[in-house]
Amino acid sequence: MSASIPQLDPDRLFPADPGVRALARSLHGLVADLPILSPHGHVPASLLLDNEPFGDPASLLISPDHYVTRLIHASGVSLAELGVGSASADPRDIWQHFCAAWPLFDGTASGYWLRSELIEVFGIDDSLIDEAHADQLYEQLVSVLATPEFRPRALFDSFGIEVLATTDDPLDSLADHAALAADSSFRGRVLPTFRPDAYLNAHAPGFAERVDRLIVEAGDGAHGYRGYLAALANRRRYFIEHGAISADHGVRTPLTLKLSDDEAERLFDSALRGGLSAAERDAFEGQMMYQMARMSVEDGLVMTLHPGSYRNHHEPSFARFGADTGHDIPFAVGYTEGLRPLLNDFGTAAGFHLVLFTLDETVFSRELAPLAGFYPSVFLGAPWWFLDAPDAMLRFRSAVTETAGFSRSAGFVDDTRAFCSIPARHDASRRVEASFLARLVAEHRISEARAAEVMVDLVDAAPRRVFKL
């Protein structure tokens, strides 16, 4: 890297007070080079299996990353101009829009990650990110991406990734995962994750067709609701045989219900006919969350819950560009009452791990910490999505620790489709944890030796323990 290229400040995100900053720097040094464990994310296994060069800077860094495109769209640039979904746009034009919008990212989490990866991964001088230098930077990135060091597998190694979990449809063959696992030249672990949302949300487009296919392919000859449950259990076992450690659920709310078999079957039959009301849809999904927990107790898959997102809030954008294109919006949810049926039956079950995430930070201290502070099965998922920002991560740690301590944390997840942002995201989390612990040491609330132990546990031992790695 050229000496003229600015370096990131080594004390970024650490406290301003010099003494506390020094403590944070020391704590961060303990974990800075530990391997990255990513037990939840959205990078496809095919990226590493094919190991093809990345096409261009725009398709790598901008178009697939809704963290980036949503804010540019808010400034008046259409999603089509950013190449979102199936929209066709010239990569150079997309890059030009990004460079023009660069000041919009000041103070944002995505701006922090982008600056980190552009400087540390690609050697870009961030002071040149503007319209005038857009073509120059584009050519520099094209040149870099053409080198062997920037193939996906080489970056996987240079990033220090040990475990990378993907997110997969229950009927995926997992052929890419099997091929990677059999490839002796690839040393990492890429694990599938069972994500059955589209088979549990009765209002998802194509629900009936997908469920019919699921039952035919995996229902062991059974039909109806019984065949449906059998098929889900069978596909979970298939995922476990291919290395899966968790089942992830992007549900609308944390509602769980223990319904009678007759009522569950009635809702299932109505769902296939498209006859459920909104309340019945939620009831069916709540019943299936109870069933997913029951299956996790039986087969050992960690159950992760990601509720609270109003998916595809802007219907015209969803119709044109599809899901995951930047217009999912958080809303308030309640865990205490919603999870009670599930936790009454499974909250103390041996070996059951339930990792709770939220987009509603008002529940950090009111609901999540108390739940994790009592139930052996419940662990606190890292601040997620709109909350995986430095200040929000500090608010999370401060809000939950006084009730649940550190031991109930599940470790950081990057939850990203942006492969090259993974190291920046994990490092940001490590710096925030170091900053919080440094303040406790400075306030004589914990010893420096104990803070060092906690630091390593949060980054390395906790995700291994909670996600059964």
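R450 is partly exposed, with a relative accessible area of 42%. The model shown here is predicted. In it, the side chain of R450 forms a salt bridge with that of E453, at 2.9 Å from N to O. Both residues sit in helix α20, which spans residues 448-466. They are 3 residues apart, so about one helical turn separates them.

Other salt bridges join into a group. Across the whole structure, a search finds 31 salt bridges.

Some pairs reach across the chain. Take R236 and D299, whose side chains meet in a salt bridge of 2.7 Å, N to O. This pair connects distant parts of the chain, 63 residues apart. R236 lies in helix α12 (residues 224-241), and D299 lies in helix α14 (residues 278-299). How accessible are the two partners? R236 has 0% relative accessibility; buried means under 20%, so R236 counts as buried. D299 has 25% relative accessibility and counts as partly exposed.

A further pair is R187 and D157. Their side chains form a salt bridge of 3.4 Å, N to O. R187 has a relative accessible area of 66%; exposed means over 50%, so R187 is exposed. D157, at 40% relative accessibility, counts as partly exposed.

Notes: Residues are numbered from 1 along each chain as its sequence is written. This is a predicted model: local features need pLDDT of at least 70, side-chain atom pairs count only at pLDDT 80 or more; totals for chains, interfaces and linings use all residues. Side-chain values use heavy atoms; hydrogens and water are left out. A salt bridge is a side-chain nitrogen of Lys or Arg within 4 Å of a carboxyl oxygen of Asp or Glu. Buried means under 20% relative accessible area, exposed over 50%, partly exposed in between (1.4 Å probe, protein chains only). Helices (H or I, at least four residues) and strands (E, at least two) are DSSP runs, numbered from the N terminus.
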